[in-house]
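Please keep the sequence and the three-dimensional view at hand while reading.

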2 protein chains.
Amino acid sequence: MAKEISGLTKRSENYSAWYNELVVKADLAEASDVRGCMIIKPYGYAIWEKIQHMLDAEFKKTGVQNAYFPLLIPKSFLSKEAEHVEGFAKECAVVTHYRLKSNEDHTGVVVDPDAKLEEELIIRPTSETIIWNTFRNWIHSYRDLPLLVNQWCNVMRWEMRTRLFLRTSEFLWQEGHTAHATREEAEERAKMMLKVYADFVEGQMAIPVVQGVKSETERFAGALDTYTIEAMMQDGKALQSGTSHFLGQNFGKAFNVQFLDRDNKPQYAWATSWGVSTRLMGALIMTHSDDNGLVLPPALAPVQVVIVPIFKGSEIEKFDKVLLPLKERLEKRGISVKYDNSDTKRPGFKFADYELRGMPVRLVMGGRDLAAGTVEIMRRDTLEKETVPFEGIEDRVEAVLKDMQTNIFAKAKAFRDAHIYTCDDYGEFKERIKDGGFFLCPWDGTPETEAKIKEDTQATIRCIPFGVSQDNLGADMVSGKPAVKRALIARSY
Amino acid sequence: MAKEISGLTKRSENYSAWYNELVVKADLAEASDVRGCMIIKPYGYAIWEKIQHMLDAEFKKTGVQNAYFPLLIPKSFLSKEAEHVEGFAKECAVVTHYRLKSNEDHTGVVVDPDAKLEEELIIRPTSETIIWNTFRNWIHSYRDLPLLVNQWCNVMRWEMRTRLFLRTSEFLWQEGHTAHATREEAEERAKMMLKVYADFVEGQMAIPVVQGVKSETERFAGALDTYTIEAMMQDGKALQSGTSHFLGQNFGKAFNVQFLDRDNKPQYAWATSWGVSTRLMGALIMTHSDDNGLVLPPALAPVQVVIVPIFKGSEIEKFDKVLLPLKERLEKRGISVKYDNSDTKRPGFKFADYELRGMPVRLVMGGRDLAAGTVEIMRRDTLEKETVPFEGIEDRVEAVLKDMQTNIFAKAKAFRDAHIYTCDDYGEFKERIKDGGFFLCPWDGTPETEAKIKEDTQATIRCIPFGVSQDNLGADMVSGKPAVKRALIARSY
């Protein structure tokens, strides 16, 4: 297959190969020698750190506090909530022993059979069980509520087919868990956190999302309602980017978390949980990037501006004299800058590398620029280059960064909106779904119809979107029965 | 046993009970239902977050970048470095299966025998092995060096006797791992990171530390040198608070990490690793706190100032009018403030609770204060109360916070210095060590002597301290042979 200068397969040739190559070549992550577990490299982790810090601040504004709960969960905890165990107990890492010993010829270590645990421990696939087991001791009165906690941690779900960031056995995430005195308050919290996610993903990650509620089939195991944000990738597939669950009293009852209400009557606590993970990194990469490499929204780029002088030998001193102070001036404005005056790599190589890594703005200054008081500015999203006066370049850079944040969101949104279709005919649907896109279709509300669509087309109901008219739905496109919802259907990651 | 108003056992009666009670009553952490694993509660986690953020910024100033490596390590990796496996492979959590299934009567789940891993996986007790296995692919030339990475994560070491923060099976920490082209550069980095730890622990945590190098016996498994900071708790015992290891080429050789040097010759990379953990929380609590509860250095207190009005019913409005703006003015200065105008708890209860939780400054305003334009200020370290003019209270608060940070360090240092003894006589040593303290003693440098001291007294060589005269040492106090070092010996946590 033809490759770009970036060395990447073109998206149009093989979108999947393009993604896999980009993640590795842009130094974001790589596979480890442990099946399904990834290594997040410094450049990728720097983006994740930005995501963490921004989201964490938003959580705290809503009164959430961070805490930390154990990595390991007793096997029996998983069985306490009937649906939860179906969803999570199956594919998980099981700790059965707590000691190794030298083998007989002392060439290695083996599991010590005498160190078998009485009850096996599971590496958390999610922490509702251990957290609600703890909440029982923290919640006694309505005065202890609401309880709003979150943890940033690693979790593990044994996946057979893995892809960096999108689906790995171990991943990093945050999981928020809240307990409330009333159903209304819990439902409101679940919706509030979905809005926090949507605002962050659209505002900072520049990824437009459809907000909605999952069908019963697609709900989190143990939830009464799962709210979701769904993003569209450039191949028209959906990527579920964050979910928030209204758990009702399921975990309150399973773990006997009762409180005395204002009338001194015992009640079970109402629950929510909500999470986003390193999967967001996959969404970020796939939404904006191009055949030259990564495109990052300036808000999340670890380095926002790279400055490259073009020089020979000792000429560099003249460039340093004007460009180092520029770096400082930009940094004073809160812009992160890399000044690359190294002479071990040629400019062409540097340019390709910075494009591959998605540095939003590139400033290049050659000898003629230096003499003329100009500088070349390139923006990564459009690849437009322009030679502009060096004087006042800080304002220009700031404006470009701001415009880029808006522009890449607008671009992604225009693409997404152009690929959302209303479709009432199943024949047409089956044909068109092959090319990707989101389809708004009348649905009779039954899991049977949902299963048939999945079987026929691999597409699933991503959500019942908020803000889409639910009037005059007509007939379900598959069963012909009266439709009760207009559902958003797509193939997905 | 008599209890203080705090409900805590007195330190003088049972220091160990006092600590255990304080950790739980001050809402810092609690035991979980998973043996040896703790739950870090929101108030405790807020302190840990401050430690994280401050240390992380210091690491980054020295060029370190964060990354993330897998939780699970193939069993065989541990055997590759001969000493390392002795130190870490023994007591660890072993993952042997990757699936559960419903039991026969569908009442629970059991381990699926068909889902046995070919090679067992270990939950990381520390990550040298998996990281150096990765570094092999990242390091090819001297241009790739130094490589400076760190991760914030959870680790697990199966402990038989656990205590909250001090020794738990799972704990949170950071582990830095660096690779260098030369021995000198690696040694310098190991010492540099020890200094970063010492400056942080003394400056922000207000805990004085002795810096030094470990004896061979006490070294990290696989290190050529282990540098340490040792803090003295109020019972005179030592608490190892951070370590930095010069690992030589041991991991470079074990994982075949070679690079081409400037002369194009292959060389093995030189390594360091360094870490601090949630154990620091234990050091923080035990160094400063008193029989009334926690004492926190203002730099690490999640809430630095609590404001309590004393009022009846609707009087609160008058207090709100002057105290809410005060809160804002303090917050503008970067001071974190809690304004407690709740009427569900009596002032006496609030005072005891805030003392227990170690809020550094308490401002109390009653009706008379309101009329007279005064406010009562109390500082947690000395428990001194003073009524001062309300006008200009912000300056006063800022000054008290600053003074408190200095004062609690000075207090801890005075205590520590008064309990460091020079001792050349083993009979005297054996008698005095029972009361705690750090002993500087002449040592012949042999592990035999070290072992005898430990057997006789439970005390160990904490380190060979930097900056202690190593001249005219005389005879080893145990063996009578010529001493080669003056060692710092103490009982420890």
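The model is a predicted one. Along the principal axes, the C-alpha atoms of chain A fill a box of roughly 80 × 70 × 55 Å. A compact globule of 493 residues would have a radius of gyration near 23 Å, and the 26 Å of chain A agrees with this. Of the 493 residues of this chain, 59% count as buried. Among the contacts in chain A with a separation of 6 or more, 68% are made by residues 24 or more positions apart. The accessible surface of chain A comes to about 20,100 Å², and 48% of that area belongs to carbon and sulfur atoms.

Chain A contains an open sheet of eleven strands with mixed pairing, in the order 3-9-10-16-13-12-11-24-25-23-22. At the edges of this sheet stand strand 3 (65–66) and strand 22 (420–422) of chain A; each has a single partner strand, so one side of each is left without a neighbour in the sheet. Within chain A, strand 12 (residues 225–232) and strand 13 (residues 238–248) pair in the antiparallel sense over eight bridges. In this pairing A:Ile229 stands opposite A:Gly242 of strand 13. Helix 12 (residues 393–418) of chain A lies across strand 11 (209–213), strand 12 and strand 22 of that chain, and runs at about 25 degrees to strand 22.

Chain B may now be considered. An open sheet of eleven strands is found here too, with the order 3-9-10-16-13-12-11-24-25-23-22 and mixed pairing. Its edges are formed by strand 3 (65–66) and strand 22 (420–422) of chain B; each has a single partner strand, so one side of each has no neighbour in the sheet. Strand 9 (residues 147–156) and strand 10 (residues 170–180) of chain B pair in the antiparallel sense over ten bridges. Opposite B:Trp152 stands B:Gln174, in strand 10 of chain B. Helix 8 (residues 279–288) of chain B packs on the sheet and touches strand 12 (225–232), strand 13 (238–248) and strand 16 (270–277) of chain B; the direction of helix 8 makes about 145 degrees with that of strand 13. Helix 12 (residues 393–418) of chain B also packs on the sheet, touching strand 11 (209–213), strand 12 and strand 22 of chain B, and its direction makes about 25 degrees with that of strand 22.

Attention now moves to the nonpolar interior. In soluble globular proteins, nonpolar side chains tend to be buried together. Which residues of the largest nonpolar core touch the most other members? They are A:Ile123, A:Phe429, B:Ile123 and B:Phe429, in a core of 250 residues. Neighbours within four places in sequence aside, B:Ile123 is in contact with A:Leu71, A:Leu72, A:Val95 and A:Ile123, and also with B:Leu71, B:Leu72, B:Ala93, B:Val95 and B:Met156.

Several features of the backbone remain. Most residues other than glycine have a negative phi, and most peptide bonds are trans. A cis peptide bond, however, joins A:Leu145 and A:Pro146, with omega about -5 degrees. A:Pro146 lies in the loop between helix 5 (128–138) and strand 9 (147–156) of chain A. In chain B, a cis peptide bond joins B:Leu145 and B:Pro146, also with omega about -5 degrees, and B:Pro146 is placed in the loop between helix 5 (128–138) and strand 9 of chain B.

A:Asn264 is not a glycine, yet has a positive phi of about 65 degrees. This residue lies in the loop between strand 14 (258–260) and strand 15 (266–268) of chain A. Is A:Asn264 buried or exposed? A:Asn264 is exposed, because its relative accessible area is 56% and the exposed class begins over 50%. B:Gln458, likewise not a glycine, has a positive phi of about 70 degrees. B:Gln458 is found in the loop between helix 14 (447–457) and strand 24 (460–465) of chain B, and counts as exposed at 58% relative accessibility.

How values were computed: Residues numbered from 1 in each chain as written. Chains lettered and ligands numbered in written order. Heavy atoms only, no water. Core = buried A, V, L, I, M, F, W, Y, C linked by side-chain atoms within 4.5 Å. Buried < 20%, exposed > 50% of the residue type's maximum accessible area, 1.4 Å probe, protein only. Contact = heavy atoms within 4.5 Å. Pairing = 2+ DSSP bridges. Helix = DSSP H or I, 4+ residues; strand = E, 2+ residues; numbered from the N terminus. Axes fitted to C-alpha atoms, helices over the stretch in contact; angles between N-to-C directions. Rg over C-alpha atoms; globule rule 2.2 N^0.38 Å. Areas by Shrake-Rupley, 256 points an atom, 1.4 Å probe, with all protein chains shown as cover.
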